[in-house]
Amino acid sequence: MSVESGKVDVITGISSMAMRHVLAELGDVYERHARQRVVIVSVGGVEAARRVQDGEAFDFVVLAADAIERLADGGRVDPSSRTDLARSGVAIAVAAGAPRPHIGSESAIRDAVLKARSIGYSTGPSGAHLVRLFERWGIADAIAPRLVQASPGLPVGTLVARGDVELGFQQLSELMHLPGIDVIGRLPPEIQVATVFSAAVCTASNCPAAAKALLSFLASPEADAAKRRHGMEPA
């Protein structure tokens, strides 16, 4: 990339779908104020990690913190550049207008899962958490025929909206903007899990200084309101 007046042509990034709306909004803000073009691709977290691991030329990556750690261990991101951006909790959705089960306690969630004709979950951190919960509750085998895992990059809410699943679990940020569903609440505190989403500069970057400047902005107090608008909390 060419450098002109201290700037590069474009800063490129890749992220998981959970951070898509936050990064789209903040990328636009950064472009206007820093006069620096930002292009961010949002895909399923598994695919994003694979593309960075394969050496695809991105300047930065935003993923769940454990995925960033694995990329650092593999030499694909600069560990010193790791920047925690946001914390995201898991929410529950049903089709728009459908009956809403009680979800105010752990036992209520367990009962709702047992009664649901089908349960949707993701390939990301929220899905892994749900699987562990089902195993701890001792219901994993009983509900296995009714579990539907969304393919990478496909929002669980899409499965809910089109009637493929009755009850859907995913990051609130991935559910709240989808049409055709009602987000009925978050997991109760006793079983909630907060996924930390982090960013890091890729070792394949041709403009690491520019990428670090962008990450500083994404972690700054100026970015907090956007994170909250999209269902997250600042890290």
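The crossing of helices α1 and α9 is right-handed, a term used when the near helix is turned clockwise from the far one by less than a right angle. Helices here are DSSP runs of H or I with at least four residues, strands are runs of E with at least two, and both are numbered from the N terminus.

Good morning. What I am showing is a predicted model, in which local features need pLDDT of at least 70 and side-chain atom pairs count only at pLDDT 80 or more, while totals for chains, interfaces and linings use all residues. Residues are numbered from 1 along each chain as its sequence is written, and side-chain values use heavy atoms, without hydrogens and water.

On confidence: pLDDT, the predictor's confidence in each residue from 0 to 100, has a mean of 94 for the chain, and 97% of the residues reach 70 or more.

To return to the helix pair, α1 covers residues 20-34 and α9 covers residues 208-218; they pack at an angle of about 115°, with their axes 11 Å apart. Axes are lines fitted to C-alpha atoms over the stretch in contact, and angles run from 0 to 180 degrees between N-to-C directions. Leu-23, Leu-26, Val-29 and Tyr-30 of α1 meet Ala-210, Ala-213, Leu-214, Phe-217 and Leu-218 of α9, contact meaning heavy atoms within 4.5 Å. By class, this contact has nine nonpolar, no polar and no charged residues.

I turn now to the pocket and the cavity. Both come from a 1 Å grid over the protein atoms alone: in a cavity a 1.4 Å probe fits but cannot get out, a pocket is an open set with protein on both sides within 12 Å along at least five of seven lines, and lining residues have an atom within 4 Å of a point.

The largest pocket has a volume of about 460 Å³. Of its 32 lining residues, Gly-45, Val-46, Thr-123, Gly-124 and Pro-125 are the closest to the centre. Helix α3 gives the largest share of this lining, five residues.

How many cavities of 30 Å³ or more does a search of the whole structure find? The search finds one. The largest cavity holds about 40 Å³ of space, and its lining consists of Met-17, Arg-20, His-21, Pro-155, Ser-173 and Glu-174.

Note on methods:
Nonpolar A, V, L, I, M, F, W, Y, C, P; charged D, E, K, R; others polar. Points joined across faces, edges and corners; volume = space filled by probe spheres on them.
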